[in-house]
Amino acid sequence: MKRTLGKFFTSRLVGPLLYLVAFGWGMGRSIQMNGGNYMEFIVPGIVALSAMNTSFSAVGVNLNMSRLYYKTLDEYLLAPISSSALVLGKVLAGTVRGLVDSLIILALAFLFGTHLVVNGWFLMVVLLTCLLFSALGVVAAMVVNSHEDMANFSTFVILPMSFLCGTFFSPDRLPKVFGYIIDVLPLTHASYLLRALASGQGIIPLSLAVLVVYATVFFAAGVVAVLKVR
Amino acid sequence: MQIDIIQASLGGDEQIIELSQLAKKYGDVQAVAGLDLKIDNEEIFGLLGPNGAGKTTTIRMLTMLTKPTGGSVLINGYETTGDLSKVKKEIGVVPQHMNLDLELTVWENLELHGCLHKMPRAERQQRMQELLAFVELTDRAHDLADKLSGGMKRRLMIARALMHHPGILFMDEPTAGLDPQARRKIWDLIRKMNSEGMTVLLTTHYIEEAEVLCHRVGIMDRGRLIALGTPTELKKKVGEIVVETLNCGDTEYRFFAGREQALGYAGNLSANLVIREANLEDVFVELTGRRVGA
Ligand SMILES: Nc1ncnc2c1ncn2[C@@H]1O[C@H](COP(=O)(O)OP(=O)(O)OP(=O)(O)O)[C@@H](O)[C@H]1O
Ligand SMILES: [Mg+2]
């Protein structure tokens, strides 16, 4: 773990860093968004999306490979541990990675001179986002039966969410139908919450509830998927 | 009826693994088709069979990695459904595919296993030292598993399977791809463990391995058990003496119960021929050889 840590973080961070530089620093300085600086608008979005991306792929891709290719998952399935303990372990590992990445983004944003309010609630929401997408990673890893399909899952589910769920622009600019779809996706609520909190507004209870429900459902689905995998 | 009961009560304590009508279907493929088999306590049992016979599938069902589509398994009296943690403590598994964590060291691989089996730290450390010495990897303890040779990886997998003191060891092709020295080393390990009371169920394609190592062997073909017994019994069954005749480039085998019959048959032939004692390989080929029209 420790040996691959450096490599892992640097490669995962390239994407979000590019967004930060290109959209935020590069073109963002000239754009005003809801009366604020564009940088202040997108940093919470980028934090949300990197929390999602890192946690999902840390768990999903690794666990899928370990199940189908390396067969190291067998070692866990042979051990006398419950499937909820197994899922919890994997989810926490993914969460730690997601948290670290998000914090690095935040730290860099501060270096760029962005003004954000980072309080306990903010960190709570980042944590919850990481938990949620780590759990989704477990489900995908157990259900998807090939490495290519896992890549497809990322392309068709995770990638669109990265761009559309209120990360780079406000979804009310999209046609109504899209708006409804986007409103039920978890990442939308993560970025709404982070943005509200970062700009000093309070918590949005409905969005928080949505995240909690998603996290719980995905975790339960993960436990069932592990039980079903044998 | 009476006799049945007596036999059951005599054999009851002896059998540590019991499969009844065990079956697994993958889509249209019947990988295992209703196996009935009892493995005795403290025996070394070998499963033989051509590629795709269903050996790995059987082992995976016995070790609860795959759910059977029919039949049942009893291991040490425990069902392999419902709460599995009790059964899992009883068994150690060396899978067919190398599945060590290559990013971890030899030591860490064992430690991970110990932790997963909730072994207390002191006991874990002691067991690791013991097993590393047993499989002769003590001096490689802090190397990455990736850096080991194939035979060493195999030995590490055996050590890992033994960490939590299982009473039954499942090994799927434990010596595949190893050189003769490495293979003999693993045979010695298996014999040593067995002499300390371990039941071993292994699969192999090396017939001489089954012959020298296993107390009993079962030959599987297309998901079925087609022969079962000690190597000697099986040889008796097909005939202890073989006459090989070279017939237009194809070797033909005929089996005979004794030398006289074999000589009698050979006397009538004019072709090149060899008369020798049957080995387990002959049994295997005779039983599983898919001759055209057979
Ligand atoms: N996960 C799976 N999905 C679908 N079919 C499978 C799966 N695993 C095994 N099979 C099929 O089941 C049959 C038995 O396979 P199995 O791996 O048990 O054979 P084996 O005796 O171990 O062979 P080998 O000597 O090559 O290891 C084969 O026809 C195989 O294709
Ligand atoms: Mg096999």
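I began with Arg191(B), which counts as partly exposed at 35% relative accessibility; buried means under 20% relative accessible area, exposed over 50%, and partly exposed in between, with a 1.4 Å probe and protein chains only. The model is predicted: local features need pLDDT of at least 70, and side-chain atom pairs count only at pLDDT 80 or more, whereas totals for chains, interfaces and linings use all residues. Residues are numbered from 1 along each chain as its sequence is written, chains are lettered from A and ligands numbered from 1 in the order in which they are written, and side-chain values use heavy atoms, with hydrogens and water left out.

**Helix H7 of chain B**

I looked up the partner of Arg191(B) and found a salt bridge with Asp188(B), 3.5 Å from N to O. A salt bridge here is a side-chain nitrogen of Lys or Arg within 4 Å of a carboxyl oxygen of Asp or Glu. Asp188(B) and Arg191(B) are three residues apart in helix H7 of chain B, so about one helical turn separates them. Helices (H or I, at least four residues) and strands (E, at least two) are DSSP runs, numbered from the N terminus. I noted Asp188(B) as partly exposed, at a relative accessible area of 44%.

I then followed Arg183(B), whose side chain meets that of Glu208(B) in a salt bridge of 3.3 Å, N to O. Arg183(B) lies in helix H7 (residues 180–195) and Glu208(B) in helix H8 (residues 207–213) of chain B, so this pair ties together parts that are 25 residues apart in sequence. Arg183(B) counts as buried at 12% relative accessibility, while Glu208(B) is partly exposed at 38%.

**Other salt bridges**

I found 14 salt bridges over all chains. In one of them, the closest N and O atoms of Arg127(B) and Glu130(B) are 2.9 Å apart. Both residues lie in helix H5 (residues 121–134) of chain B, three residues apart, about one turn of the helix. I recorded Arg127(B) as buried, at 11% relative accessible area, and Glu130(B) as partly exposed, at 40%. I also noted a network of salt bridges that links Glu244(B), Arg276(B) and Asp282(B).

**Magnesium site**

Which protein atoms are donors of the magnesium ion (ligand 2)? I found OG1 of Thr56(B) and OE1 of Gln96(B), lying 1.8 to 2.2 Å from the ion. Donors are N, O and S atoms within 2.8 Å of the metal (3.2 Å for Na, K and Ca); water is not among the atoms, so sites may look incomplete. Thr56(B) lies in helix H2 (residues 55–62), and Gln96(B) in the loop between strand S6 (91–94) and helix H4 (106–116) of chain B, so the pair ties together parts that are 40 residues apart in sequence. I noted Thr56(B) as partly exposed, with a relative accessible area of 26%.

**Interface of chains A and B**

I found 16 residues of chain A in contact (heavy atoms within 4.5 Å) with 27 residues of chain B. The two chains bury about 2000 Å² between them, 55% of it on carbon and sulfur atoms; buried area is the accessible area (1.4 Å probe) that two parts lose on being put together, summed over both. Leu78(A), Pro80(A) and Arg230(A) supply 40% of the area that chain A buries against chain B, more than any other three residues. I found two salt bridges across this interface. I also looked up Glu75(A) and Arg160(B), whose side chains meet in a salt bridge of 3.5 Å, N to O.
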